[in-house]
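Dear colleague,

Please find below the structure that I am handing over to you, together with its sequence. My notes on what was found in it follow.

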Amino acid sequence: MSSKGKKEGMDPDAGSGQDVYFPLNGGDFSDAGAGSKSLRSELAALGVPAWIIRRAAICAFEAEINVIIHAVAGSLHYLIEGETLTITVTDMGPGIEDIGLAMKEGYTTAPDWAKEYGWGSGMGLPNIKKNAGTLSIDSVPGEGTTIEIIINLAPPLNARQE
Ligand SMILES: Nc1ncnc2c1ncn2[C@@H]1O[C@H](COP(=O)(O)OP(=O)(O)O)[C@@H](O)[C@H]1O
Ligand SMILES: [Mg+2]
């Protein structure tokens, strides 16, 4: 997906959907959390239940951190269309050679500097998988990674899981 021409913040061309884009830079924790925080407030303003907001924010935040600790640069983009939230996080970076391995709890290639900040427990992708409705990972080694997270904002009442 191309984010060309999009500005940070609300996209006036997005029609009724809420379409928002945030840049991320490798190594720069000052970018971390801007997208997930904006998403939280948008969802709260729409009256989305707190447990779904929590899940969406975990997914967005872990994906932001992954760009910052593993890649060179990227962006988080989210789109709210009716009852469907789509979060797309794309980066230029090393890519992921073995996605099955990367999904394993505790697997990490995080550099030492990230571990010094407390990151690199190898739980980010498994956590995203647990909290997302669907998670797709598209990665080209040496080029970059795109992950797409889809979350239903209005699941049936009996679908709640902690
Ligand atoms: N955006 C990314 N670019 C390159 N590699 C990634 C990316 N996201 C995840 N990975 C790979 O998958 C591994 C597991 O990711 P994750 O579960 O989030 O754990 P952690 O970030 O703590 O290492 C990472 O250590 C890295 O090897
Ligand atoms: Mg991670």
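**Surroundings of the ligand**

Ligand 1 is surrounded by 25 residues, the closest being Ala102, Thr108, Thr109, Gly124 and Leu125. Two elements give two or more residues to this shell, namely α2 (50-70) and α5 (124-131). Of these, α2 gives the most, with five residues. Sorted by class, the shell around ligand 1 comprises 12 nonpolar, 11 polar and two charged residues. Please bear in mind throughout that this is a predicted model.

**Packing of α2 with α5**

The two elements named above also pack against each other: the angle between α2 and α5 is about 155 degrees, and their axes are 9 Å apart. Because angles over 145 degrees count as roughly antiparallel, α2 and α5 are described as roughly antiparallel to each other. The crossing in which α2 passes α5 is left-handed. On the side of α2, the contact is made by Arg55, Ile58, Cys59, Glu62, Ala63, Ile65 and Asn66, and on the side of α5 by Gly124, Asn127, Ile128 and Asn131. By class, five residues of the contact between α2 and α5 are nonpolar, four are polar and two are charged.

**Packing of α1 with α2**

Helix α2 has a further partner in helix α1 (residues 34-45), with an angle of about 165 degrees and axes 8 Å apart. This pair, α1 and α2, is therefore also roughly antiparallel. The crossing of α1 and α2, however, is right-handed. From α1, the residues that make the contact are Gly35, Ser36, Leu39, Arg40, Leu43 and Ala44; from α2, they are Ile53, Ala56, Ala57, Ala60, Phe61 and Glu64. The contact of α1 with α2 contains eight nonpolar, two polar and two charged residues.

**A residue in strand β2**

Tyr21 is located in strand β2 (residues 18-25). Is Tyr21 buried or exposed? Tyr21 is buried, because 20 other C-beta atoms lie within 10 Å, and a residue counts as buried at 20 or more. Tyr21 and Tyr78 are 57 residues apart along the chain, while their C-alpha atoms are separated by 6.5 Å.

With kind regards

Key:
Residues are numbered from 1 along each chain as its sequence is written. Chains are lettered from A and ligands numbered from 1 in the order in which they are written. This is a predicted model: local features need pLDDT of at least 70, side-chain atom pairs count only at pLDDT 80 or more; totals for chains, interfaces and linings use all residues. A residue is near a molecule or strand if its C-beta atom, placed from the backbone, lies within 6 Å of it. Helices (H or I, at least four residues) and strands (E, at least two) are DSSP runs, numbered from the N terminus. Ala, Val, Leu, Ile, Met, Phe, Trp, Tyr, Cys and Pro count as nonpolar, Asp, Glu, Lys and Arg as charged, and the others, Gly among them, as polar. A residue is buried if 20 or more other C-beta atoms lie within 10 Å of its own, exposed if 12 or fewer, and partly exposed in between; C-beta atoms are placed from the backbone. Axes are lines fitted to C-alpha atoms, for helices over the stretch in contact, and angles run from 0 to 180 degrees between N-to-C directions. Angles under 35 degrees count as roughly parallel, over 145 as roughly antiparallel, 65 to 115 as roughly perpendicular and the rest as oblique. A crossing is left-handed if the near helix is turned anticlockwise from the far one by less than a right angle, and right-handed if clockwise. Two residues are in contact if their C-beta atoms, placed from the backbone, lie within 7 Å.
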